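Here's a quick tour of a protein chain for anyone who likes to check the geometry before setting up a calculation. Have the viewer open and follow along.

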Amino acid sequence: MTTDPLVLFTPSGKRGHFPVGTPVLTAARQLGVDLDSVCGGRGICSKCQITPSYGEFPKHGVTVAEAALSEWNKVEQRYDDIRGLTKGRRLGCQALVQGDIVIDVPPESQVHRQVVRKRAEVRDITMNPSTRLYYVDVEHPDMHKPSGDLERLIEALETQWDLQDVKADLHILQSMQPVLRKGDWKVTAAVHLGDEIHPPTIMHIWPGFYDGSIYGLAIDLGSTTIAAHLCDLQTGDVVASSGIMNPQIRFGEDLMSRVSYSMMNKGGDQEMTQAVREGMNTLFAQVADEAEIDKALIVDAVFVCNPVMHHLFLGIDPFELGQAPFALTSSGALSLYAKELDLEIHPTARVYILPCIAGHVGADAAAVALSEAPDKSKDLMLVVDVGTNAEILLGNTDKVLACSSPTGPAFEGAQISSGQRAAPGAIERIEIDPETKEPRFRVIGSDIWSNEDGFADAIATTGVTGICGSGIIEAIAEMRLAGLLDASGLIGSAEQTGTSRCIADGRTNSYVIWDGSEEGGPNITVTNPDIRAIQMAKAALYSGARLLMDKFGVDTVDKVILAGAFGAHISAKHAMVLGMIPDCPLDKVTSAGNAAGTGARIALLNTKARTEIENTVRRIEKIETAVESRFQEHFVNASAIPNSAEPFPILNSIVTLPDVNFNTGGGEQSGGRKRRRRRE
């Protein structure tokens with residue numbers, strides 16, 4: 001039986017016996033404990049901090065004496081003097097085992113530490129990036145042992161860090177020798193750890209110990225906007241975020257318009273490819289400037305996008321995606337070099353593109369599946385990524401179904417008479433008094449409602465400029481609740497509704513929210529064509545969800561998650577009044593924010609998640625709405641507000657929908673009585 005001291009690590013519970021004098025870092029490595037170190041135990045990086053515990057531990061059957069570790073040394077004191085060491089902490093590379101000891105590895109010292117991202121719920125991302133930093137001592141050149149500097153650098157990485165079969169990018173050979181000599185044969189190497197196809201590869205080297213970091217980008221390449229999150233690959237922190245309008249919009253606001261442009265204009269696809277790549281380089285410069293870093297420190301990038309954007313980004317003609325059977329050039333995940341895509345970041349930065357699910361359900365939907373994990377939910381979960389082309393997932397641990405619905409740009413303020421993008425001055429929230437029919441609203445950039453003191457001062461610099469997507473959703477739902485709008489989508493006249501805000505507008509009527517004409521501003525109204533545009537968009541969205549429910553064999557879902565930058569700002573009640581989503585308890589309708597961007601970030605920071613989502617995508621069943629007859633049936637029913645055939649018992653228990661019909665000249669309301677919805 002060994003007499004060597006017992007070393008026990010928490011929270012992993014791993015334990016083993018080691019000779020007296022063994023560094024704690026060495027014991028951790030031999031046991032496979034998740035204890036970080038960049039400098040390889042030289043006391044430079046301080047990433048191997050540990051917390052020793054003393055006393056009796058009956059659970060572990062061990063008693064730890066005060067002298068179980070070697071005494072505090074000069075290296076630890078120097079670090080404490082310069083940067084400060086949390087009381088009770090030691091450096092694992094300096095503390096030597098003297099007796100039985102219990103060692104706690106704090107989260108910040110774990111290689112695969114978890115990064116908490118907060119929104120409606122707490123999300124954890126396990127750190128396992130593609131590229132890491134390694135500090136090494138390289139053997140000096142010797143005339144009696146002829147070998148190249150690169151070979152000795154690779155040997156150092158193998159012997160000091162157990163990295164096997166390491167290769168080097170060409171630019172490393174071109175710059176390596178001066179760096180090695182400047183660092184006196186001590187360098188820090190950024191190594192891409194490779195995958196099943198590619199071996200570990202040296203991407204960058206710095207003389208001596210590099211105390212900075214390396215970065216990665218998580219990019220959600222949407223048809224309307226491009227959003228990027230710059231992440232520290234050592235800590236997982238998002239150090240900068242920014243977004244731009246997709247410059248391809250000038251070729252068409254929706255995806256099929258861009259496919260048509262490509263078909264009708266020779267070289268049109270290459271025009272759009274160049275435009276989006278130039279736009280992304282502009283965006284990358286923005287986030288690098290915001291974080292005050294050199295773009296050359298960005299060594300990895302993950303992209304998510306819909307199938308048309310996927311092809312146009314890669315320089316592939318999207319012609320086949322414009323016609324049945326909507327064949328993708330490739331549906332699998334792609335690992336490329338950034339330079340192949342003309343991206344101006346590190347010369348040999350890697351790019352990973354998540355897999356597509358089908359011809360109309362892309363890598364962005366795969367990213368949403370990675371972020372929200374319907375395949376791991378016991379509850380039946382409906383996930384709707386609301387955008388120009390809505391991606392919809394329905395599933396639980398049994399199976400996951402997916403489809404897309406062409407909602408168009410109406411939800412984002414396009415095709416709306418007073419519509420605009422979400423920007424300061426745009427109406428984003430609105431309420432209408434059901435008795436007086438008077439509106440009150442809030443604009444982006446101010447928390448003051450329009451009927452409150454100080455509103456005029458609050459909007460002095462922006463004015464009231466229009467109405468954005470979330471604002472038009474609330475406006476139409478509030479009009480329905482206030483009896484200004486009937487179930488078919490017709491706005492009543494002033495006589496029918498009892499308010500002068502309803503004005504004649506050609507053969508129909510419009511509702512005036514804001515009259516800024518006296519100050520030279522716009523008149524902001526909701527017109528019947530606006531109603532029709534939203535009806536078509538919401539009918540497409542609902543029909544896709546309802547079709548998946550049919551395929552699943554259910555009439556209800558347990559929870560609804562609204563994803564996308566727009567989905568994050570939708571009121572659940574107003575969405576249900578419109579009939580955008582199936583009837584569901586309001587407390588079971590939540591927002592996931594930009595779930596596609598979150599999925600991209602997970603894949604960036606944890607390479608194991610890439611394998612996970614590739615396997616998940618293969619199990620998702622794709623439903624093609626274009627060939628499903630019931631989609632059209634649901635679409636017709638869903639054109640009414642909220643629906644002409646589907647009962648909404650939960651909604652009707654919460655709100656009263658006035659029984660008005662302006663098509664026949666009627667305008668009598670039901671006196672506010674709560675009624676059972678009739679089939680309209």
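What follows covers confidence, domains, one interface and a few local spots.

## Ground rules and confidence

This is a predicted model, where local features need pLDDT of at least 70 and side-chain atom pairs count only at pLDDT 80 or more, while totals for chains, interfaces and linings use all residues. Residues are numbered from 1 along each chain as its sequence is written, and side-chain values use heavy atoms, with hydrogens and water left out.

The chain's average pLDDT (the predictor's confidence in each residue, from 0 to 100) is 88, and 94% of the residues score at least 70. Residues 114–122 have pLDDT below 50, yet that stretch makes 23 contacts in the model beyond near neighbours in sequence; a contact here means heavy atoms within 4.5 Å. Residues 666–680 are also below 50, with 39 such contacts. Where pLDDT is low, the predicted coordinates should not be read in detail.

## Domains

The chain splits into domain 1 (6–109), domain 2 (131–207), domain 3 (215–353), domain 4 (373–409 + 534–653) and domain 5 (410–532). Those bounds come from an automatic or database domain assignment. Note that domain 4 is written as two segments, 373–409 and 534–653.

## Where domain 2 meets domain 3

The C-alpha centres of domain 2 and domain 3 are 32 Å apart, and each of the two gives 10 residues to the contact. The size of an interface is often given as the accessible area lost when the parts come together. Here the buried area (accessible area, 1.4 Å probe, that two parts lose on being put together, summed over both) is about 840 Å², with carbon and sulfur atoms giving 60% of it.

How many salt bridges are there between domain 2 and domain 3? The count is one, where a salt bridge needs a side-chain nitrogen of Lys or Arg within 4 Å of a carboxyl oxygen of Asp or Glu. R350 and D169 pair up in a salt bridge at 3.4 Å, N to O. On the domain 2 side, β10 (131–137) and β13 (201–207) are the elements that give two or more residues, and β13 has the largest share, with four. Strands (E, at least two residues) and helices (H or I, at least four) are DSSP runs, numbered from the N terminus.

Most residues other than glycine have a negative phi, and most peptide bonds are trans. D165 has a positive phi, near 55 degrees, and sits in the loop between α3 (149–161) and β11 (167–168). K437 has a positive phi too, near 70 degrees, in the loop between β23 (426–432) and β24 (439–443).

Is each of these two buried or exposed? D165 counts as exposed because its relative accessibility is 58%, whereas K437 is buried at 5%; the cut-offs are under 20% for buried, over 50% for exposed and partly exposed in between (1.4 Å probe, protein chains only). For a cis peptide bond, go to I641 and P642, where omega is about 5 degrees. P642 lies in the loop between α16 (629–638) and α17 (649–652).

## A look at T556

T556 is in the loop between α12 (528–552) and β29 (559–563). With 54% relative accessibility, T556 counts as exposed. Leaving out residues up to four places away in sequence, T556 touches L380 and M549. R546 is 10 residues from T556 in sequence, and their C-alpha atoms are 9.3 Å apart.
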